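Here is a briefing on the structure below.

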Amino acid sequence: MNAHVVPCADLAEYRERADAWTEGLPFPVLSGPSLDRYRSLFPEGELPRVETAPRAGTVISVGGDAGAAGRLLAAATGRTHRVVEPAGLARALAPLAGELVAVVGLAEDITASGDWPGAHGPVVGVVTARDLTALTCLVYRSLTAGAASEDRVFVATHPMLEDADLADTNEFEDILGLGRRRPKLLVLKALGKECCAALPDGILCGRSDPIDAPPPPADPSYRHMPCMYGAGCHRADLDEDRRLPAAELHATVVFTHSCSSIAVGTNAYPHHVALGLGLLEGTAVAVVGALGVHIVQRGAQGDLEDALAEDLPLGRAVERLNERARPINGWLNRFGLLGDPGLVLGLPGGRAADAVAGAAEPAGTAVRRDEEAVRDLAHLSNVVLPRLERLCWLEPGVDALAVEGFRIRVREAAEDLQAPDLASRVAGIETDLAAFQHATAAAIAHDIYVNGWNYGGPSLDGLREVSQRPTTCPNCARDRAALITMRHVVHAGLTVRTLQCRRCGDLWWTSEESDEPAFVLEGALDTDAVSGRVTGLSRTLRNDSEHVLRGGIGFAFAMRRFLGLPPEISAPISVLPGEKEEFTAEIDLVGHQPRPDVHTGVFIAIVNGAYIASSSMMRLAPAGSSEPVRPPETNFR
């Protein structure tokens, strides 16, 4: 007899020894194939002693047959234990919301409870198996989890999935090799369903018996695979040596990304073929896997590695996976745990340790999605680019093909939101888009200087006034202005707003869609100047939005190229949220000699896709004139 374990011949002996067990006595286990597989990890024949460190949470056994196994798990880890019938499981779990609960029971009893136990509120791990011999061995393995385990991560990924090039393998042959080694964490990113996880050249099968063995009777309401009818594996393209029973894999924890790899309580296929249960008949102490249809989220692997490195209990580690996955794919990214949620497994390193040490990221380690980069990309796609696309209607000189090129770049970046270079790609798009908007502003300013200003260009004929709100003119301070909103009759999304005064005329125009523009040009409408001097005309760009403003700003005298006025001027501009940035156009009236007059000019800005224009009147007096007495300066927006 092993010094630390006593194999029991039958259930009666197991129950008797389980009721009498205390720390220091040999740990009872039912003999069977699961115990034999675990014993193979210890070539000298001595099975390990159970670890009796306390674990957080509660143990609930489901059904009378599982009660002895649940009592042993609770007694060895200092947790309270109770036994319930399947029909009472949901009621027992309801008051334990947020707590760690190990639900111990045969798979058929969990299914009889009507749902996945984690749906009832607690942070659940289901300690389960297809038969009692496997269940008792699973309890024993979970109490000896640190034995015969290599402190490493092994990743096997289907070659068509993201990050396949970072995996340890894309080939089935290398998974066969795991029958001889036992990594602490095995990550399987494969195509599959409840019964299997598949690579192109092989399949990991949930069955632990030969494929041609007669299966046990199953409810006809279940979905049945060909093997259940004696017709062999559904992967008819594979020879039998390309099918590996999951129980023959060695791993301490298996993290599966194939669909429905955790289906206890919600299984559509018989338990006899369940992948998760097959893995638990091997040497695994836990399986973390997908509940239902699953979209692979690459950041999940790194989240799990970090949680294990932080010594979080498995239940809290899976809780973290779900919390971080929920905002991304929600229902299509739900994870469940087969195994003890109170078990602290530990894993050296993790991504945080790699970053501190400056180490290279190990093969297969996934990166967490850069949420800030995703938000910036969404802003580009949903706000900035639609504005630029509308701007092509207002300004025929805007390069529509270039705008479409940016749309393509944004779409391509969004195809892989887990890409490690996502942030740099988004930053590159933003930089190039800012340069494009500056070039566009410069081109518009030049056209204003040569041909005059006509905000809206050919679209003016299609714009119709939809509202007119009386307001006070910020320039003359009289109630004789109106805020006018116009919408295009063909392009319903194209809206233009302008502030007009019956005395002062144009004050500003904007293509921003908000009733209260989030970014505006502020400055005096009328500016005095004297010939023979350099005069500065200024506008301040104020950013009341939540995003950085990027683009270009410029100034030009309207159709004054032939009247001797200086040419247009432009510059790139960037304004942080809640901040202001001043732009000053230096007007050289020394090298240029225009005649004294009221010279109309326009400040224009193309920022974050919006086209803002602000009128300017330079009242030019001849050289030698005295400076006029100026009223208090007023600003407008």
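**Cores and packing**

The largest nonpolar core has 76 residues, and Phe27, Leu135 and Leu204 touch the most other members. Helix H6 (residues 132-142) gives the largest share of this core, 7 residues. The model is predicted: local features need pLDDT of at least 70, side-chain atom pairs count only at pLDDT 80 or more, and totals for chains, interfaces and linings use all residues. Residues are numbered from 1 along each chain as its sequence is written, and side-chain values use heavy atoms, with hydrogens and water left out.

- A nonpolar core is a set of buried Ala, Val, Leu, Ile, Met, Phe, Trp, Tyr and Cys residues joined through side-chain atoms within 4.5 Å.
- Buried means under 20% relative accessible area, exposed over 50%, and partly exposed in between (1.4 Å probe, protein chains only).
- Leu204 touches Phe172, Leu188, Cys195, Cys196, Ala197, Leu244, Pro245, Ala246, Leu249, Leu275 and Leu279, leaving out residues up to four places away in sequence.
- Another core, of 42 residues, lies apart from the largest one. Among its members are Val374, Val426, Val450 and Ala482.

**Overall form**

- The chain has 14 helices and 27 strands. Helices (H or I, at least four residues) and strands (E, at least two) are DSSP runs, numbered from the N terminus.
- The C-alpha trace spans about 115 × 50 × 50 Å along its principal axes.
- The radius of gyration of the chain is 36 Å, whereas a compact globule of 637 residues would have one near 26 Å. The radius is taken over C-alpha atoms, and the globule rule is 2.2 Å times the number of residues to the power 0.38.
- Of the 637 residues, 55% count as buried.
- Of the contacts with a separation of 6 or more, 72% join residues 24 or more positions apart. Contact means heavy atoms within 4.5 Å.

**Largest pocket**

- The largest pocket holds about 780 Å³ of space.
- Its lining has 37 residues, and the closest to its centre are Trp116, Leu291, Arg334, Phe335 and Gly336.
- Strand S6 (123-129), strand S9 (191-193), helix H10 (314-329) and strand S15 (335-338) each give two or more residues to this lining. H10 gives the largest share, 7 residues.
- By class, the lining of the largest pocket has 17 nonpolar, 12 polar and 8 charged residues.
- Ala, Val, Leu, Ile, Met, Phe, Trp, Tyr, Cys and Pro count as nonpolar, Asp, Glu, Lys and Arg as charged, and the others, Gly among them, as polar.

**Cavities**

- On a 1 Å grid over the protein atoms alone, a cavity is a set of points where a 1.4 Å probe fits but cannot get out. A pocket is an open set with protein on both sides within 12 Å along at least five of seven lines. Lining residues have an atom within 4 Å of a point.
- Grid points are joined across faces, edges and corners, and a volume is the space filled by probe spheres set on the points.
- The count comes to 5 cavities of 30 Å³ or more.
- The largest cavity has a volume of about 100 Å³. Of its 13 lining residues, Cys195, Cys205, Cys227, Cys233 and His234 are the closest to its centre.
- That lining divides into 9 nonpolar, 3 polar and 1 charged.
- The second largest cavity holds about 80 Å³. Of its 15 lining residues, Ser261, Ala263, Val264, Ala274 and Gly276 lie nearest its centre.

**Helix H3**

- In helix H3 (residues 67-77), 9 of the 11 residues are buried, so H3 is largely enclosed by the rest of the structure.
- Gly78 follows H3 and has a positive phi, near 70°.

- Arg320 sits in helix H10. Arg320 is buried, with a relative accessible area of 16%.
- Beyond its neighbours within four places in sequence, Arg320 is in contact with Asp303, Asp306, Ala307, Glu310 and Leu312.
- Leu308 lies in helix H9 (residues 299-309). Leu308 is buried, with a relative accessible area of 0%.
- Leu308 and Leu185 are 123 residues apart along the chain, and their C-alpha atoms are separated by 9.7 Å.
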